[in-house]
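These are my notebook entries on the structure shown below. I take the helices, the core and the aromatic rings in turn.

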Amino acid sequence: MTLPVRRPGRARALLDTEARATAHPADTSWPIRLAGDLHELDADWRESAEVCANAAWAARSAGHSVLGLLSPEQVTAAGTDPVTSRTFRHLYLSALRFDFRCPTLQAVIEQLPSSALRSLDCYSRALYAFALLGQSRPEGLALMDEVLAEAGEHTKTLHVLLHGLWLGQDLEQGAERLLALGSRPGFYTDRDPILLFRVAGALRRLGRYDEGLAAIDRALDLLPPGDVAVHADMVRERSLIAAARDLPSPKGGTAA
């Protein structure tokens, strides 16, 4: 995890906060404790995004999704503490994203109080864009551009948008947009297996099969030993690319 350091020891405090949140995923009270820890640290949206996305993924991987620990009402309620409200929002919306529940994610955000919608932080708006992009809704592209103007090179935010472009198969120039986004400095192109996995899919959609195979093979090599979370998805992508490459060209035509 890469975090900005606003004062000495802050990065360590945030890492410790994440470790506490992920140590006992079966403990139903950990989201509330995490909200308290982030409030104590006065975490900004970038720091909250880093910690909450990682915690939501860890809980899901352990079979204790945040979706079973928080209710939509807790996420949409008007709260007096903005850091706590944002923590619950980041956790819940991230969990919906990891489950590909785009319509539900969209609905939860649109049920927020009007005051919260007007002041929605950049990462929450990225998750909203993901929900729209994942449904191939063109308004997601406009929202994505707005988010990019504010997010800078915040990698977690870029990954949310990349995920939406990858999922939205019917977006206009979606594959081209994905490749352009994946080349931004916020990504470590040669060291990020998830980025390379999504890039491989975009290359397949563009008919650039050899490049796609190179990208997915690199992604598989970069996975940590024994990592099963996305291995099957990557193997499937490799099979799709290889099958598309080996399809015979239409009679009288040329290969894509």
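**Entry 1. Aromatic pairs**

I began with the criterion for ring pairs: rings of Phe, Tyr and Trp, the last by its six-membered ring, pair if their centres lie within 6.5 Å. I note here that the model is a predicted one. Under that criterion I found three aromatic pairs in the structure.

I then checked the accessibility of both partners. Phe98 is buried, with a relative accessible area of 11%, whereas Trp57 is partly exposed at 31%.

Phe100 sits in the loop between H5 and helix H6 (102-110), and Trp166 sits in helix H10 (residues 155-167), so the pair ties together parts that are 66 residues apart in sequence. Phe100 counts as partly exposed, at 40% relative accessibility. Trp166 counts as buried, at 18% relative accessibility. I also noted that ring pairs link Phe100, Trp166 and Phe197 into a cluster.

**Entry 2. Helix H5 and its ends**

I examined H5 itself, which covers residues 82-98 and has 17 residues. The helix reaches 24 Å from its first C-alpha to its last, close to the expected 24 Å. H5 is mostly covered, with 15 of its 17 residues buried.

What caps the N-terminal end of H5? I found that Asp81 does: one of its side-chain oxygens lies 3.2 Å from the backbone nitrogen of Val83.

Gln173 is found in the loop between H10 and helix H11 (174-182), and it is partly exposed, with a relative accessible area of 49%.

**Entry 3. The nonpolar core**

Which residues have the most contacts inside the largest nonpolar core? I recorded Leu34 and Leu91, in a core of 80 residues. The largest share of this core comes from helix H8 (residues 122-134), which supplies 10 residues.

I listed the neighbours of Leu91, leaving aside residues up to four places away in sequence. Leu91 touches Leu34, and it also touches Trp30, Pro31, Cys52, Ala55, Ala56, Val66 and Leu70.

**Entry 4. Ser29**

I located Ser29 in the loop between helix H1 (10-23) and helix H2 (30-41). Ser29 is partly exposed, with a relative accessible area of 26%. Its side chain is joined to that of Arg33 by a polar contact of 2.7 Å. I also looked up the separation from Ser71, which is 42 residues away along the chain: the C-alpha atoms of Ser29 and Ser71 are separated by 13 Å.

**Entry 5. Helix H14**

I closed with H14, which covers residues 231-246 and has 16 residues. From its first C-alpha to its last, H14 reaches 23 Å, close to the 22 Å expected at 1.5 Å a residue. Which residues of H14 are buried? I found Met234, Glu237, Ile241, Ala242 and Ala244. Seen down the axis of H14, these buried residues fall within an arc of 165°, so they line one face of the helix.

I then asked what covers that face, and I recorded helix H12 (193-205) and helix H13 (209-222) as included in the cover of the buried residues. The face of H14 turned away from the buried side carries the exposed residues Ala232, Arg236 and Asp246.

Methods: Residues are numbered from 1 along each chain as its sequence is written. This is a predicted model: local features need pLDDT of at least 70, side-chain atom pairs count only at pLDDT 80 or more; totals for chains, interfaces and linings use all residues. Side-chain values use heavy atoms; hydrogens and water are left out. Helices (H or I, at least four residues) and strands (E, at least two) are DSSP runs, numbered from the N terminus. Buried means under 20% relative accessible area, exposed over 50%, partly exposed in between (1.4 Å probe, protein chains only). A polar contact is a pair of N or O atoms within 3.5 Å; within protein, one must be able to donate a hydrogen and the other to accept it, and residues adjacent in sequence count only if both atoms are side-chain atoms. The expected span of a helix is 1.5 Å times one less than its number of residues. The arc is that of the directions from the helix axis to the C-beta atoms. Contact means heavy atoms within 4.5 Å. A nonpolar core is a set of buried Ala, Val, Leu, Ile, Met, Phe, Trp, Tyr and Cys residues joined through side-chain atoms within 4.5 Å. Rings of Phe, Tyr and Trp (its six-membered ring) pair if their centres lie within 6.5 Å; planes under 30 degrees apart count as stacked, over 60 as edge-to-face and the rest as tilted.
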